[in-house]
Amino acid sequence: MTNKLLLGDEAAALGAVHAGITAGYSYPGTPASEVMEYLIKASGSGEFKANWCVNEKVAYEEALGVSFAGKRVLVSMKHVGLNVAADPFMNSSITRINGGLVVLVADDPGMHSSQNEQDTRYYAQFAQIICLEPSSHQEAYDMTRKAFDLSEYFHIPVVLRMVTRLSHSRAQVKERTVREKNKVNRADGKDWTLLPVNARRRFASLMKEQKMLVKFSQGSPFNSLDLNEENTKLGIIASGIGYNYVMENIKDLSPPPSVLKISTYPLPQGLIQDLAEHVDTILVIEEGYPFIEKNTKGLFGIKGKTISGKLDGVLPITGELNPDLVRSALQLDPLRRKGSAHDWLPGRPPQLCKGCPHIDTLKALIQALETYPKAVVFSDIGCYTLGALPPYNAVDTCVCMGASVSMSKGGSEAGIYPCVGVIGDSTFIHSGITPLLDAASLDTNMTVVILDNSTVAMTGGQPTVATGEKLENIIRGLGVDLRHIRRIVPLKKNLEENAEIIKEEIEHAGLSVIISFRACIYEARKRKKGANK
Amino acid sequence: MKQDIILAGVGGQGILTIANIIDYAAQKSGLCFKQAEVHGMSQRGGAVQSHVRLSDVEIYSDLVPKGAADLILSVEPLEALRYIDYLHVEGKIVVSRNPYVNIPDYPDLDKVLDAIKQSGNHVIVDSEKLSRDAGSPRSQNIVMLGAASGFMVLEEAILIQSIKEFFKSKGDKIIDMNIEAFRLGREAAGT
């Protein structure tokens, strides 16, 4: 088999393809988007299904249907996407998973492109299932394959936890043989109908299985303990990308410490105990929250031993790890450098592209709100969130997918006027429809501006399910007063007219929806190219 | 043998294209490599960097440690300075002299170039002019790759082959323009 040059996300996706998936589902989100982009390419002329879905919850439930049918399925998302899919995720742990179901979740420590840095290992622990955490591209490939076997063996979903640095790093991967797809073999409905009578039985079964999961983790080929008899002072527990930073620096430590690499959860208790018995101090190096550290320490620690890491400040408890932070945690001097960073360098934050339709919508909004100093603009997740930064300073909030609409309703009911929600077309489809239905049913005094740029722009231009007329029909169908569904075209020359329309709708004492319709410049370029071909 | 490279520039300048070409070349040269890049929000006109690590033995960290970079290759002068603490004491900076001004507080260019010169080992290239000479103002990234290529552990012929591979779908004209950009960059660096 050949070596392939792949992103970490792509390595995991290829692992799923070679494990014989029948389908892959996802919603775009950095740093997980490249998983589905790869699957779509790899699915060729329909070797398996690979689709973008409306949101992560829907993607997860579609995956459950595939598993019920006895087929293998990969569902992928960014860390906060699992919050959206948390309902099916938690409940699926007590169905009797039939065809292998692997949940690839990419965390974003350091918040390169996210609103928080939550750690998915807690979700796996919450659902009491297996989580695998690769350190390298090869592991991402191999573990994804293995995850399907484990899912079918233990009848549980298996989480594959990635992080930005691995998702978006490229390296070589050695391919292995391709496994055949499963045949349709439907599950027993009694194990999937979570009425209390069945759910109690299934939950008890999952609890009984916990010991077996720990036993598996204990012997997992992805966990390894390298004990050094010469060094009884320091032992390291490292996981995921943290392991790489340890190995980067370990050559400078003499005598080298013992290293326990953890890539399989639940935690391998016996291996941790073996290490603890051998050394005085355990240093835990893990990307994300201090998950291993907290679990190892418990409430009272291990008598006579020091457990060190993020909780005692040896490593920062926020942000992303890197080889330098880990070097310092290992009490090694920094490498010699040519120079130090200049403090007079200005930052260069991301900004809206030249010609972006959002610029014209934001300008019209700013102009319309000039006479309303008390206005609040509730915004959402997408490129337009950059409207919070100078020179616009035009939006006041960005919390989670769809919250612009629901927060506008709450804000309005609490007495804020004007309340404006600003949301993109794909974010609206993902999580804005239901709150707009709520607002429409009460004709809440608020104005929702939908920035329809016909694509999921921020994550790289994935297709959106509804744009243009289709999107407008959805809004009409929700019961919004047709006289207060307005359309504007965000262009410089329309500034005065657009600001006037926004103003009129703010003055309307009820719900208004303004659709600001112009394609993302990249999307427009893509279409033009397609038309010329 | 190892070589750590920091690629720098502004979103849209083609930093990831340089990275991809180096990846191809590393693969063809039978080297181990890891290359970390930035996707998502910061690609929108913000500072973009990529860490490239080449070695004949297994590489662990996807990120280059501070003080380990043998080379900073930057398509923009200010962006080169942002990563100066990554540079090894004997490291080299290969940088474009042409600023990309999309922020209101861009410092005086002479101050930026002086700071680069003070950091010692450097090659400053007029990538804007050379890319125009090559027939494509969008090829500044490839000019800079050419300028840095003489300091890389990768062979020139393999890099050129990788450029051909990368632009294959764009047709011969684009391939030729980029190879010319590479050649002009390499010549300007005097290697």
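**View 1. The largest nonpolar core and its most connected members.** In this predicted model, the largest nonpolar core holds 94 residues. The members that touch the most others are A:Ala12, A:Val102, A:Leu104, A:Val158, A:Leu160 and A:Ile237. At least three residues come from each of two parts of chain A, domain 1 (3-216) and domain 2 (224-329). Zoom in on A:Val102 and, leaving out residues up to four places away in sequence, you'll find it touching A:Ala16, A:Leu74, A:Thr144, A:Ala147, A:Phe148, A:Ser151, A:Val158 and A:Leu160. Another core, this one of 63 residues, lies apart from the largest one, and its members include B:Ile6, B:Val95, B:Ala134 and B:Leu145. As background, nonpolar side chains tend to be buried together in soluble globular proteins.

View 2. Look for A:Pro157 in the loop that links helix 7 (137-154) to strand 7 (158-163) of chain A. Is A:Pro157 buried or exposed? With 28 other C-beta atoms within 10 Å, A:Pro157 counts as buried, because 20 or more is the cut-off. Setting aside neighbours within four places in sequence, A:Pro157 is in contact with A:Ser92, A:Ser93, A:Ile97, A:Leu101, A:Val103, A:Ile129 and A:Ser151. A:Ala204 sits 47 residues away from A:Pro157 along the chain, and their C-alpha atoms are 17 Å apart.

**View 3. Where domain 1 meets domain 2 in chain A.** Chain A is assigned domain 1 (3-216), domain 2 (224-329) and domain 3 (357-526). Between the C-alpha centres of domain 1 and domain 2 of chain A there are 27 Å. Domain 1 of chain A puts 19 residues into the contact, and domain 2 of chain A puts in 16 residues. On the domain 1 side, at least two residues each come from helix 6 (121-127), strand 6 (130-132), helix 8 (164-167) and helix 9 (196-219) of chain A. Sort that side of domain 1 by class and you get 11 nonpolar, 2 polar and 6 charged residues.

**View 4. An open five-strand sheet in chain A.** The 5 strands of this open sheet in chain A come in the order 15-16-17-19-18, with parallel pairing. Why do strand 15 (376-378) and strand 18 (485-488) of chain A each have one side left without a neighbour in the sheet? Both stand at the edges with a single partner strand, so one side of each has no neighbour there. From one strand to the next, the twist averages 20°. Further in, strand 16 (residues 419-424) and strand 17 (residues 446-452) of chain A run parallel and are joined by 5 bridges, with A:Gly424 opposite A:Leu451 in strand 17.

**View 5. Helices packed on that sheet.** Helix 15 (residues 403-413) of chain A touches strand 15, strand 16 and strand 17 of chain A, and its direction makes about 175° with that of strand 16. Helix 17 (residues 468-477) of chain A lies across strand 17, strand 18 and strand 19 (511-517) of chain A, at about 175° to strand 19.

**View 6. Chain B against chain A.** Here the contact takes 43 residues from chain B and 41 residues from chain A. Which elements of chain B give two or more residues to its side of the contact? They are helix 1 (15-28), strand 2 (32-36), helix 2 (77-81) and strand 5 (87-96) of chain B. The chain B side has 19 nonpolar, 15 polar and 9 charged residues. Strand 8 (residues 169-174) of chain A and strand 2 of chain B run antiparallel, joined by 2 bridges, and A:Arg170 stands opposite B:Gln35.

Key: Residues are numbered from 1 along each chain as its sequence is written. Chains are lettered from A and ligands numbered from 1 in the order in which they are written. This is a predicted model: local features need pLDDT of at least 70, side-chain atom pairs count only at pLDDT 80 or more; totals for chains, interfaces and linings use all residues. Two residues are in contact if their C-beta atoms, placed from the backbone, lie within 7 Å. Helices (H or I, at least four residues) and strands (E, at least two) are DSSP runs, numbered from the N terminus. Ala, Val, Leu, Ile, Met, Phe, Trp, Tyr, Cys and Pro count as nonpolar, Asp, Glu, Lys and Arg as charged, and the others, Gly among them, as polar. Two strands pair if DSSP finds at least two bridges between them. A nonpolar core is a set of buried Ala, Val, Leu, Ile, Met, Phe, Trp, Tyr and Cys residues joined through C-beta atoms within 7 Å. A residue is buried if 20 or more other C-beta atoms lie within 10 Å of its own, exposed if 12 or fewer, and partly exposed in between; C-beta atoms are placed from the backbone. Domain bounds come from an automatic or database domain assignment. Axes are lines fitted to C-alpha atoms, for helices over the stretch in contact, and angles run from 0 to 180 degrees between N-to-C directions.
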